[in-house]
Amino acid sequence: MAEVTRSPKVYDVCIIGSGAAGGTAAKILTEGGLNVVMLEAGPALNPEKDFKEHVWPYQLPHRGAGVGGKASDNFSEFLAPNGSWEIDGEPYTVASGSRFHWFRSRIVGGRTNHWGRIALRFAPVDFKSRSTDGMGDDWPITYEDVAPYYDKVESYIGVFGTKENVSSAPDGVFMPPPKPRCTETIVKKACDKLNITCIPSRLAVITQAHNGRPPCHYCAQCGRGCVSASNFSSSQVMLPSAEKTGRFTLITNAMAREIIVGKDGKAEAVSYIDKPTRAEKQVHAKAFVVGASACESARLLLNSKSSMFPDGLANSSGVIGRYLTDSVGSSGGGFFPQLTTMPAHNHDGVGGMHMYMPWWKFDRKNDFLRGYHIEFGGGRNMPGVGEFYELCEQFEGYGMGLKQKCRSMYGTYIGFAGRGEMIPNEQSYCEIDPVAVDEWGIPVLRFHWQWSDNEIKMARDMQQTFREIVESVGGTYYARVVPDGPNPHGIQDGGVIIHELGVVRMGTNPRTSALNGFCQAHDVKNLFVTDAASFVTNPDKNPTLTIMALSWRASEYLLDQAKKGSL
Amino acid sequence: MSSGISRRNVLKSLAMGAAATSVLRVIPAQAAEYAHHMIAAEKAATPAKAYAPKFFAAHDYKTLQTLCQTIFPADSDSGGAIEAGAPEFIDLLTSENKEYQAILGGGLMWLENTCTDRYGLLERSAERNPRPDRLSQEHDFATCSRPWRRVLLIPPEHDRGRFLHQRNWN
């Protein structure tokens, strides 16, 4: 057994994870005067070196496809070093009969280096699901509790958007949005015909200089990471402000194994592996903020067993790992003949959509509960490997005919993706695999997954809507979708949308929830879980903005409790 | 090219020089020229070497080049697959991927065999027949070129990637 090195220092707070949750907590806690240490399982990030912004496909030998063409698994080798579906030495398992995929990040900033920057507030009704339709559970907090923190987060990170007064998509503190692209005006026209709400999107990309960050230069490559930090990432926007306080210590390549509890029942240390040396180390603190990403946070707590907490730390309720959800995702796309004659023009914009469709059918009865929003994009993107794959599949021929076809078809396609709310169910959860361990001997997660009829009906509705939008302006709709099989109506496997959350949920009742409304463990006062593990439901809004709002709120509460000496 | 000009400086000039009011704004000409020269300088720093195929034997590589040329030729407006470096790209990826080796290595043998059976003269067509148009008269060729195009144009594994991986996923 390796010798355990103890750090003699006791920090005020130890944060596990450097993404949206951890980064926000680091900023608030250090600015509040606390000494903070952060553990990150991956290496440091060097944007100048790691980000492949503005690199052309032909400048890389593999053109973005990766060694052996394998990078398509992780989207593309152009992307920020954000993580992947499979990590060497760190397996996870999926129970037979289930389909689940887990995208994990191992780098400072975590998945915020690559995320789509879609920054949507939850609506008031999203916190009151059970009261509204009898399914799932209500949150212990309301929109009014979180709204001031949405304001703070948006003001600090910078989000563009417009005031629209759509009840399913509350307005926020917005910078001016970019103008719609040509493709987006076509879709907007279709939506107007169909009475579908289509409004400027809300993305964490700054369109004006903000806190020393230059505005977006519209290269449309946010997913590659942004060297000028004009879009939001924890690594470039949250952590620098923590570092500025002089009270922040970042330990990279530190894989947390277990949170250790003292005789008083409070958390007192984290045991972690220093990856380069494989040495077992410990860091001590007076309070702990877990933000390792929802399922990783659940794993850490479930693996932190002691005589006081035989089922895992803060798990007297037994809910840790349960109520796992992801967004309902289904997609398709259309050919728009009016785009074939569109003159070539700069179509770049920000690295994401300039318009989107918030949930618009909240005022009527649908054949499913809850709702979804629609993201879309297309047109004259930077062509990459795979750009004309569909065309070549369909077009019989080669030579100049094929080339002309590629020219005329380039930029004529618009893809649509629905993102809907899944209702938590008893069949979707994660637990510690009884056998499998990672390369440091840490037990890994096993996933169980099942969509319910509600989600499948929602996916069907998405497909119908996409088709209506495309056809209403003379386009042809394409989707490889069948009504049955493992992915009915194109519903993606669990986890694929990378909105997996809810496995350490908050609630008022300590028997049915692990955390209170401030993300504080019911069982362990000095332990907080501030990532999306704490979510009670998974509304159709992308979770990142709410993660930051909840982490900000929890951190202010932690500061207040620390000052009162009541942790 | 002055070494004092870093990528970051260029970025800054791109961001600062643009008019704040216009959204789909034009990159300032000076900054664009900067970036252009920077890339040209980087390229010039590495002497161009002829690509040495890693997987395909010499005559197979020539066949590959001819196929690329035939499937996606140059014209007066732009280069074709050869100018874009498709043969190098295909060879590099194939050298690293067993599945492609089976499809492409085996496929090329099948193609040669089929051509030899049918046309005799056309064996090793790339070397001996500089005019691929005779091949291209045969509709069959469209079918047998499919595996090539399939690998040339790798499908993204996840369908969200197919539509959205360039800019619009989350």
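What follows is a chat that goes through the chains, some helix contacts, the core and a few single residues.

Me: Before we start, what kind of model is this and how is it numbered?

Reply: This is a predicted model, in which local features need pLDDT of at least 70 and side-chain atom pairs count only at pLDDT 80 or more, while totals for chains, interfaces and linings use all residues. Residues are numbered from 1 along each chain as its sequence is written, chains are lettered from A and ligands numbered from 1 in the order in which they are written, and side-chain values use heavy atoms, with hydrogens and water left out.

Me: How many helices and strands are there in chain A?

Reply: Chain A has 11 helices and 16 strands, where helices (H or I, at least four residues) and strands (E, at least two) are DSSP runs, numbered from the N terminus. Its radius of gyration, taken over C-alpha atoms, is 23 Å, close to the 24 Å from the globule rule (2.2 Å times the number of residues to the power 0.38) for 567 residues, so chain A is as compact as a globular protein of that length.

Me: And how much of chain A is buried?

Reply: Buried residues make up 65% of the 567 residues in chain A, with buried meaning under 20% relative accessible area, exposed over 50%, and partly exposed in between (1.4 Å probe, protein chains only).

Me: What about chain B?

Reply: Chain B comes to 10 helices and zero strands, and 39% of its 170 residues count as buried. Among contacts (heavy atoms within 4.5 Å) in chain B between residues at least 6 apart in sequence, 58% join residues at least 24 apart.

Me: Back to chain A, then. How do α4(A) and α11(A) cross?

Reply: Their axes come within 8 Å and cross at roughly 110°, the axes being lines fitted to C-alpha atoms, for helices over the stretch in contact, with angles that run from 0 to 180 degrees between N-to-C directions. α4(A) and α11(A) are therefore roughly perpendicular to each other, since angles under 35 degrees count as roughly parallel, over 145 as roughly antiparallel, 65 to 115 as roughly perpendicular and the rest as oblique.

Me: Which classes of residue make that contact of α4(A) with α11(A)?

Reply: The contact has 11 nonpolar, one polar and five charged residues. Here Ala, Val, Leu, Ile, Met, Phe, Trp, Tyr, Cys and Pro count as nonpolar, Asp, Glu, Lys and Arg as charged, and the others, Gly among them, as polar.

Me: Can we zoom in on one residue there, and what does V153(A) touch?

Reply: V153(A) is in helix α4 (residues 143–157) of chain A, and V153(A) is buried, with a relative accessible area of 0%. Leaving aside its neighbours within four places in sequence, V153(A) is in contact with G158(A), L545(A), M548(A), A549(A) and W552(A).

Me: For contrast, is S131(A) buried or exposed?

Reply: S131(A), which lies in helix α3 (residues 129–133) of chain A, counts as exposed at 54% relative accessibility.

Me: Which residues touch the most others in the largest nonpolar core?

Reply: Of the 135 residues in that core, the ones that touch the most other members are L29(A), I157(A), I259(A), M357(A), F416(A), V504(A) and L527(A). Helix α11 (residues 544–564) of chain A gives the most to this core, with 10 residues. A nonpolar core is a set of buried Ala, Val, Leu, Ile, Met, Phe, Trp, Tyr and Cys residues joined through side-chain atoms within 4.5 Å.

Me: How much of helix α6 is buried?

Reply: Eight of the 11 residues of helix α6 (residues 234–244) of chain A are buried, so this helix is largely enclosed by the rest of the structure. Its buried residues pack against elements of chain A including α1 (20–31), α4 and α11. Just after α6(A), G246(A) takes a positive phi of about 75°.

Me: Which residue other than glycine has a positive phi?

Reply: One of them is Y323(A), whose phi is near 60°; Y323(A) lies in the loop between α7 (294–303) and β9 (328–335) of chain A and is buried, with a relative accessible area of 14%. R117(A) also has a positive phi, of about 65°, although it is not a glycine, and R117(A) is buried, with a relative accessible area of 1%.
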